[in-house]
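Hi everyone, thanks for making time today. I'd like to walk you through a structure that may be new to you, so please have a look at it with me.

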Amino acid sequence: MFLTLPTLLTWARIVAIPLIVGVYALPIDRPTQNLAATVMFVLFALTDWADGWLARKLNQTSSFGAFLDPVADKFLVCASLLVLVHLTRVDVFVALVIIGREIAISALREWMAQIGASRSVAVHMLGKLKTVTQMVAIPFLLYDGFLFTVIDTRWWGTVLILVATVLTIWSMVYYLRKALPEIRARAR
């Protein structure tokens with residue numbers, strides 16, 4: 001369970017965090033740091049798709065894998081956002097909204113599971129769209145240059161991270177509204 005190929009790919013996303021952060025401490029020029037961080041982020045983000053596919057294909061799905069997968073995603077996104085805040089490529093308010101939502105919805109899901117109502121806050125398409133938008137915005141912002149001499153990744157990354165922020169708030173409201181009947185029932 002802890003060392004299946006899909007779970008190892010999930011662990012790789014967690015191991016990637018110090019690598020992506022650490023590349024900015026290396027004595028190399030900023031464009032090379034940006035490229036290295038972008039390549040690592042994209043490769044490790046792709047493991048999110050690969051681990052799920054392999055778990056189903058190899059019949060190696062597990063409760064532990066289902067727990068670890070979203071945790072790894074959140075760690076990777078949050079760490080990358082903090083790097084981008086440090087590099088002044090993302091506003092601290094944007095990072096706070098995204099990270100705060102992740103903490104709040106994770107806590108809400110845990111509580112809903114404890115009371116036997118986890119289906120109310122199951123992953124919705126809105127949350128998936130938010131994640132995809134983040135996963136495209138972050139490497140654009142890490143790269144911070146012109147891709148193929150045409151695509152201004154800073155501009156597109158900024159637009160996409162703002163879209164992701166709106167989707168973050170929207171999905172949080174959606175999940176809270178789905179949980180509200182249970183919250184009200186337990187408040188009495």
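Let's start at Thr165, which sits in helix α6, the helix covering residues 153–187. Please keep in mind that we are looking at a predicted model. So is Thr165 buried or exposed? Its relative accessible area is 8%, and since buried means under 20%, Thr165 counts as buried. Which residues does Thr165 touch, if we leave out those up to four places away in sequence? They are Val94, Val97 and Ile98.

Now let's step back to the whole protein. Its secondary structure consists of 6 helices and 2 strands. Reading from the N terminus, the order of the elements is α-α-α-α-α-β-β-α. The helix we began with, α6, spans residues 153–187.

What about the overall dimensions? Along the principal axes, the C-alpha atoms fill a box of roughly 60 × 40 × 25 Å. For 188 residues, a compact globule would have a radius of gyration near 16 Å, and the protein, with 18 Å, agrees with that. Buried residues account for 41% of the 188 residues; Thr165 is one of the buried ones.

Contacts next. Take the contacts between residues at least 6 apart in sequence: 71% of these join residues at least 24 apart.

Finally, let me show you two residues with a backbone angle worth a look. In general, most residues other than glycine have a negative phi. Asp144 is not a glycine, yet it has a positive phi of about 50°. Where is Asp144? You can find Asp144 in the loop between α5, residues 125–143, and β1, residues 146–147. With a relative accessible area of 24%, Asp144 is partly exposed.

The other one is Phe148, again a residue other than glycine with a positive phi, here near 55°. Phe148 lies in the loop between β1 and β2, where β2 is residues 151–152. Is Phe148 buried or exposed? Its relative accessibility is 67%, and because exposed means over 50%, Phe148 counts as exposed.

Conventions. Residues are numbered from 1 along each chain as its sequence is written. This is a predicted model: local features need pLDDT of at least 70, side-chain atom pairs count only at pLDDT 80 or more; totals for chains, interfaces and linings use all residues. Side-chain values use heavy atoms; hydrogens and water are left out. Helices (H or I, at least four residues) and strands (E, at least two) are DSSP runs, numbered from the N terminus. Buried means under 20% relative accessible area, exposed over 50%, partly exposed in between (1.4 Å probe, protein chains only). Contact means heavy atoms within 4.5 Å. The radius of gyration is taken over C-alpha atoms; the globule rule is 2.2 Å times the number of residues to the power 0.38.
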